[in-house]
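Visitor: I am new to this structure. Please show me how to read it, one feature at a time.

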Amino acid sequence: MRAALYVHVPFCGKKCGYCDFYSVPVDAEADGALLDRFVECLCRDVASQLETVGVTEVVSVYIGGGTPSLLGARRMKDVLDFLASRIACGGVGGQVPPEFTVEVNPESLDEDFLSVCKLGGVTRISCGVQTFNAASRLAVGRQGEISRLHNALALLNEAYGGSFSADIISGLPCQDEAALLRDIETLVSYGPTHLSLYDLTLEKNTPLYRDVMSQTVTLPPPETAECLWIAGRDFLEAAGYPQYEVSNFAPVGNRSAHNIVYWRMGSWLGAGPSASGTVIMEGVQGDAGKNTNAGNCTETSGLRRTVKPCVKSYVSGATDGILVETLDRAALIKETFLMGFRYIEGPDAELFKNRFGSPIESLVPETLDRWRSDGKMGGAGLALNRDGLLMLNRFLTDCFIELDGTI
Ligand code: SF4
């Protein structure tokens with residue numbers, strides 16, 4: 001089986017006020033023993049999943065978080081050596097995965113870390129910049145001095161020029177259009193090959209949510225935030241980074257192969273606290289894929305494995321922290337829509353038909369007709385264009401209502 005591998009490193013130097021990802025704040029020095037133990041458990045987790053699932057080829061690796069660069073050069077080398085022994089040399093696939101990404105944050109990035117990555121087969125670095133605006137950073141509790149951002153980007157340009165990605169956030173407090181475009185322009189000057197532009201989401205149960213509710217912090221109103229994001233999108237496209245997914249921008253050759261596995265519903269393993277993986281089990285389809293009890297037909301389904309979001313439980317080796325669910329045909333079809341229409345090329349139509357026994361057009365004909373005639377679909381008509389992507393949630397609602405009658 002071919003699968004991608006996602007590894008979640010659930011540690012950050014300090015929690016950002018807007019973040020609801022699972023990560024716990026640590027001090028890399030004082031909490032060294034915890035980080036060492038985490039690396040041990042992580043390697044065991046990956047080894048066990050590769051074996052249990054029977055992965056024969058790892059198509060991409062993404063070490064995200066959290067803040068993987070907090071592990072430091074020595075621990076990252078341990079992780080990379082382990083992966084090399086299992087993926088490149090250990091008979092799984094027989095070669096280094098073509099795309100191997102590690103996420104970093106400027107405040108914990110140094111030359112040693114980057115050189116370990118480079119020697120260890122990491123082909124791509126993704127750096128969380130978010131904004132160069134000190135007032136915006138302070139308002140959302142984002143760590144890191146501006147000078148460190150510039151230093152980190154200069155290091156990346158030197159070590160990973162031609163293969164690094166960076167993130168920017170729009171809709172921040174104290175941010176107007178000029179400030180956002182200045183952020184993007186500054187970032188582009190360091191030569192990233194891929195950029196992500198996220199519209200700030202106010203998540204409940206975050207410090208930022210409480211600050212906004214108590215009016216300690218003011219966010220741009222939703223219409224202003226949307227205009228900001230669109231201005232950022234247009235600027236990125238004019239700068240040579242075409243939009244290829246809801247929040248991602250890059251020329252065709254620099255798109256994230258790992259994320260395309262998610263958007264096109266491939267199989268991936270997830271290791272580390274809060275990570276989830278999905279393994280697709282291809283079936284043999286019967287009549288239009290619906291009459292799956294007939295003869296010896298089996299239907300395609302998915303197996304989702306989610307690790308409990310708890311570092312304590314993970315490093316204790318507890319085995320009760322894993323949730324395994326089966327995604328039946330209907331759930332998998334909906335998820336294929338959910339993920340596939342985020343991508344500028346839409347879901348993989350051929351794969352969809354082979355997998356589910358019905359073409360996409362036959363399951364949502366009315367929705368596709370309506371959105372095509374509204375000029376919101378591009379290409380061969382099985383993908384939203386950039387105007388359509390702005391209304392992705394409405395499109396998916398229409399699809400799901402229609403799918404409920406056809407699957
Ligand atoms: S660094 Fe990233 S993962 Fe960590 S708290 Fe901030 S946004 Fe969340």
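Visitor: How are two packed helices described?

Guide: Two packed helices are described by the angle between their axes and the distance between those axes. Axes are lines fitted to C-alpha atoms, for helices over the stretch in contact, and angles run from 0 to 180 degrees between N-to-C directions. Here, the axes of α14 (residues 365-373) and α16 (residues 392-406) come within 8 Å and cross at roughly 150 degrees. That makes α14 roughly antiparallel to α16; the term covers angles over 145 degrees. This is a predicted model: local features need pLDDT of at least 70, side-chain atom pairs count only at pLDDT 80 or more, and totals for chains, interfaces and linings use all residues. Residues are numbered from 1 along each chain as its sequence is written.

Visitor: Which residues in α14 and α16 meet?

Guide: Glu 366, Thr 367 and Trp 371 in α14 meet Phe 395, Asp 398, Cys 399 and Glu 402 in α16. Contact requires C-beta atoms, placed from the backbone, within 7 Å. By class, this contact has three nonpolar, one polar and three charged residues. Ala, Val, Leu, Ile, Met, Phe, Trp, Tyr, Cys and Pro count as nonpolar, Asp, Glu, Lys and Arg as charged, and the others, Gly among them, as polar.

Visitor: How many helices and strands does the protein have?

Guide: The protein has 16 helices and 16 strands. Both are DSSP runs, numbered from the N terminus: helices are H or I with at least four residues, strands E with at least two.

Visitor: What are the domains?

Guide: An automatic or database assignment sets the bounds. It gives domain 1 (2-258) and domain 2 (342-407). Their centres, taken over C-alpha atoms, are 30 Å apart. Four residues of domain 1 are in contact with six residues of domain 2.

Visitor: What surrounds the ligand?

Guide: The residues around the ligand include Cys 12, Lys 15, Gly 65, Gly 66 and Asn 105. Each such residue has its C-beta atom, placed from the backbone, within 6 Å. By class, the shell has four nonpolar, six polar and one charged residues.

Definitions and conventions. Angles under 35 degrees count as roughly parallel, over 145 as roughly antiparallel, 65 to 115 as roughly perpendicular and the rest as oblique. Two residues are in contact if their C-beta atoms, placed from the backbone, lie within 7 Å.
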